[in-house]
Amino acid sequence: MSARIFGSGIRRREDPRLITGSATYTDDITLPDMAYAAMLRSPHAHATIKNIDTKAAVAAPGVVAVYTGADIEGQLEPVPCAWLLPDSDLKIAGYPCIAKDVVRYTGDIVAVVVADNRYQAYDALDLIEVDYDPLPTVINPKAAAKADAPQLHDDIEGNQAFHWTVTGGDVDAAFAEAETNGIIIKDRILQQRLIPNAMETRSAVAQYNRASGELTLWSTTQNPHIARFLCSVVTGVPEDKLRVIAPEVGGGFGSKIAVYPADFLTIFCSKSLGRPVKWTETRSENYQATTHGRDHVQDVELSATKEGEITGLRCTVYAGMGAYLSTAAPGIPTILHGLMLSGCYTVPAVKEDVYGLYTNGVPVEAYRGAGRPEATFMLERLIDVLAAKLNLDPAAVRQKNFIPKFDDGHDVVTGLTYDSGDYPGGLTKLLEHTDYKTLRAKQAEGPINGKYTGIGISSYVEICGLGPSQVAGAIGFQGGLWESAIVRVHPTGKVHVFIGASPHGQGEETTFAQIVASEIGVDANDVKIFHGDTDNTPMGWGTYGSRTTAVGGAALAVAVRKIRDKAKVLAAHLLEASAEDMEYADGKFFVKGSSDKSKTIQDVALMANVAWDLPEGMEAGLEASTFYDPPNFVFPYGSHLAVVEVDTETGHVELIKYTALDDCGPQINPVIVEGQVHGGVVQGIGQALWEEAVYDDSAQLTTGTMLDYALPRADKLPPIEVISTVTPSPHHPLGVKGVGEAGTIASTVTVYNAVMDALKPLGVTSIDMPFTPERVWRAIQDAKGN
Ligand code: MCN
C-alpha cells in the first residue's frame, strides 16, 4: 500500500455497520435477569420537596425498588465538577444525584423506580406522590445576577458561580483614545441556549457482580476513561474493579462528556439489587435533562481608528450555568472563550469579565465549538458593524487587521501562542473562489420583489487539540490532556492499535488506520483500531475539543514510528547490512543504492514475532506504545462566506450559498474532513436560523420535543461548498490540526452577518437569534417606525 494513503478520501470503514443497522448501541445490550430503571423528574423548575410518598409505586406490578434522595445518602457522592477555574472565586453547589429537599430545574431527579421491564418502571413513576412547594425562578443569566433575583443555593450569594477576567494591553487607554479620535462600536449579543441533538439519547447498563465486586458500565460516553474515574469517585467502586465500555455512540457534540446523575444511579441500582440494570432516556427526557449549550448574554464594545484599525475589545459576559456546574462548564465561557478574544487579528488590548451564574435551567456543558463560536461571534459581528459605520468593505477591514502569515508561533494579547496561520491568504482564496466582487456587484443591483440579498463573511481561529497537561493543571482542569497509543504488529503483518480516545462518529477508525498504513506501509484494511473499552485500551482523556487527531493521532504517529525504527534495525540484521545504510519507502526496508536487497514490513513482523534471528540484545515482538503530551494546542482557522435572501414582506430568510474555507493542516482523509465541516456548518446555521431552547417565565422548557425545537433540515440548505488551505502545525508530528468543531465556530456569525447585511439598507442593526420570520419582520417594521 502506498504512502499516499495519508491524504486520500477512502470510505469510512465505520459506515457499513452504521447504515445497515448492525452496530451495537448501549440500548441494544440485554443481559440475563436485567431490570430497568426510570427516573422521576421534577415538573417544577424550583420548589421545595415537602413530602414524597412511594408506597403505591413500591406495590406496583413488576417494581423491584424505589429510591429517593434519602436512600442514596452516604452511598453516592455529589456529581463532581471537573474544571476548578483558578482565580475566579469559584463556588460549587452540591449537585446531588437525587434532589432531596429542593429541586432546581425541570428534570431534576426526585426518585428512581427499578422494575422488571421498562413499561412497568415508567407506569410506576405515575404512582409516586410528591408534594412540592414552588419557589420563584430565574432563567436569564443577566437577570440571575440582579440583587433581587431568586436565589438557587442558600450558601451562594447572588447566584454567582464564578467571576473570571482576562486582560491584555491597556484597554482603557485604547477606548479613551477612540472616544476622541476614533470610533467605538457597542452591541449586546444573546447566545441563546441550544439543545445538542445526538441521534442516540443517553443510556447506561450497569452489571454488578456481588461475588467479585466488579462492575461493568456500558455507557453513551465520549470519554470512557474519565467516566471510569468519576464513577469510582462517586459510587465508591474501586477503579480497578470498574470497567466502562462505550459501545457504538450515536453522536455526542459535547453532551456526552459529562457523567450524569442517572449514570451513577444506574450503577447504584445494580449494586443495591445485585442485578444488571438498564436506563435509557426518552427524547423528551433528553431535551429536559441532558446538558444544553451556549446561554451567554454578551455586552461587548470595540474601539478602532477612523481608518478601521482595531485598537481594543472590552466585554462583560453573563454565562448561564444552569442549576449546577456540569463537568467542564466553568472552562467554556472563560478559558475556551476569553483566551480567544482577539481572534485572527492584531488587537493590542482586550479585557473580559465573565460571570458564571446559576439559573433554573438544566446544566450547561460543552456544545460543539464550546466557547469558541461565542467568542468568534462577538469579534466578527463587531467588525461588520465597524465596516458599516466607516463605509468600508467588511473583507477589507479584516484584511487590514489580520495577523500577518506566520509558520512557527505567534504570541497574542491574551497570552496564548498560536502555532501557525495565514489568515490573509485564507480570506483571499475564499473571496477569489466565490467571486466576491461579482456577488457584491449583483447585490448592488438592488432587491427583486422585496427580496434583499445579503453577503456575510467571517474569519476565525480556534484553540483545539486540548493539551498540554501542564496547562490543564494551571487552568484548573482536573485531569491530564495527553493521549496514548499501543501499536501491535502480528506475525503476518496485520496491526492492532489500542487508543485511549473514544471517537463516536468522527471516523478515526478509518483515519488512524490511514496513519499506520502511511507510516509502515501496511494496507489500511489490515489495521484494526480498538477504542472505547477501559479494560482493553490504554488510559485516554476523551474525544472533545477536536483533540483526538491532534493529540491521539500524534501519539499514534510517534508509536508507529518506533515500530518503523525497530523494523529498520531488524531488516538491516536480516540483510547483513548496517542499520545506518537502510532506507525505507512504501513498506520496504532496503539497503541504500541496492533496492533489490530489501525486506517488507511483513518479513520483519514475522521474524520479530518468531524471534529466531534477532540482533544481539533486541527484544522479541513488534509492539510500541507512547504517552504523548503535546507542547501546545493547535490553532486551525479559516474564513466562511454565506449569501442569503431576506423576504422583507414575510421576514423569511433563505440561505442561497455557503462556502467554507478551513485550514486544519494536512488532511488525513479529505472526505471525512468535508463531512466534519458539513456537520459543523449545519449546526452553526441552526443556531442562526432556527434553534433555541426556550424556557418560559416559570422556567418550564417550552421547546421540549422535536416538534417545538427546530432542527436544520436538508431541504432548507443549499449545497455547502468546502475548500481549504494547508498550513501544517509546527509541533504536531504529522502537522495535523483539529477540524471537528471548525464549521460550527464560523458559521453562526457568517449567516448572522449575511442577514444583517441584507437588512442594512432598511436600517436594521440587530436581531436576536434565531432569525424566525416573525423576529425579522418585526425588526423591519421597527426600523420603518411602524
Ligand atoms: N481529520 C483529518 N485530517 C485533519 C484533521 C482531522 O482527516 N487534518 C479527521 C480526523 O482524523 C477525524 C475527524 O477528521 O476522523 C475529526 O477529527 P478531530 O478534529 O480530531 O476531532 P475529534 O475526533 O476530536 O472529534 C471531536 C469533535 C467535537 S469536539 C465535536 S463536539 C463533534 C465533532 O468532533 N462531535 C461529533 N464531530 C462530530 N461528528 C459526529 N459524527 N458526531 C459527533 O458527536
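## Backbone angles

Ala699 is buried, with a relative accessible area of 0%, where buried means under 20% relative accessible area, exposed over 50%, and partly exposed in between (1.4 Å probe, protein chains only). The phi of Ala699 is near 60 degrees, a positive value in a residue other than glycine, and Ala699 lies in the loop between α19 (670–689) and β28 (720–724). Helices (H or I, at least four residues) and strands (E, at least two) are DSSP runs, numbered from the N terminus.

Asp33 also has a positive phi, of about 65 degrees, although it is not a glycine; Asp33 sits in the loop between α1 (15–19) and β1 and is exposed, with a relative accessible area of 51%. Most residues other than glycine have a negative phi, and most peptide bonds are trans. A cis peptide bond joins Gly467 and Pro468, with omega about -5 degrees, and Pro468 is found in the loop between β18 (451–461) and α15 (469–474). The peptide bond from Met769 to Pro770 is cis too, with omega near -5 degrees, and Pro770 belongs to the loop between α20 (742–759) and α21 (773–784).

## About the model

This is a predicted model, in which local features need pLDDT of at least 70 and side-chain atom pairs count only at pLDDT 80 or more, while totals for chains, interfaces and linings use all residues. Residues are numbered from 1 along each chain as its sequence is written, and side-chain values use heavy atoms, with hydrogens and water left out.

## The two sides of helix α4

In helix α4 (residues 118–125), the buried residues are Ala121, Ala124 and Leu125. They lie on the same side of α4, because they cover an arc of only 110 degrees around the axis, the arc being that of the directions from the helix axis to the C-beta atoms. An α-helix has 3.6 residues a turn, so residues three or four places apart point the same way.

The buried residues of α4 pack against β1 (35–41), α2 (55–58), β3 (63–68) and β5 (109–115), where contact means heavy atoms within 4.5 Å. On the other side of α4, Tyr119 and Asp123 are exposed.

## Cysteines

A search of the whole structure finds 0 disulfides, a disulfide being a pair of cysteine sulfur atoms within 2.5 Å. The sulfur of Cys81 is too far for a bond, because the closest cysteine sulfur, in Cys97, is 15 Å away; Cys81 counts as buried, at 9% relative accessibility. For Cys231, the closest cysteine sulfur is again in Cys97, at 9.7 Å, which is too far for a bond, and Cys231 is buried, with a relative accessible area of 0%.
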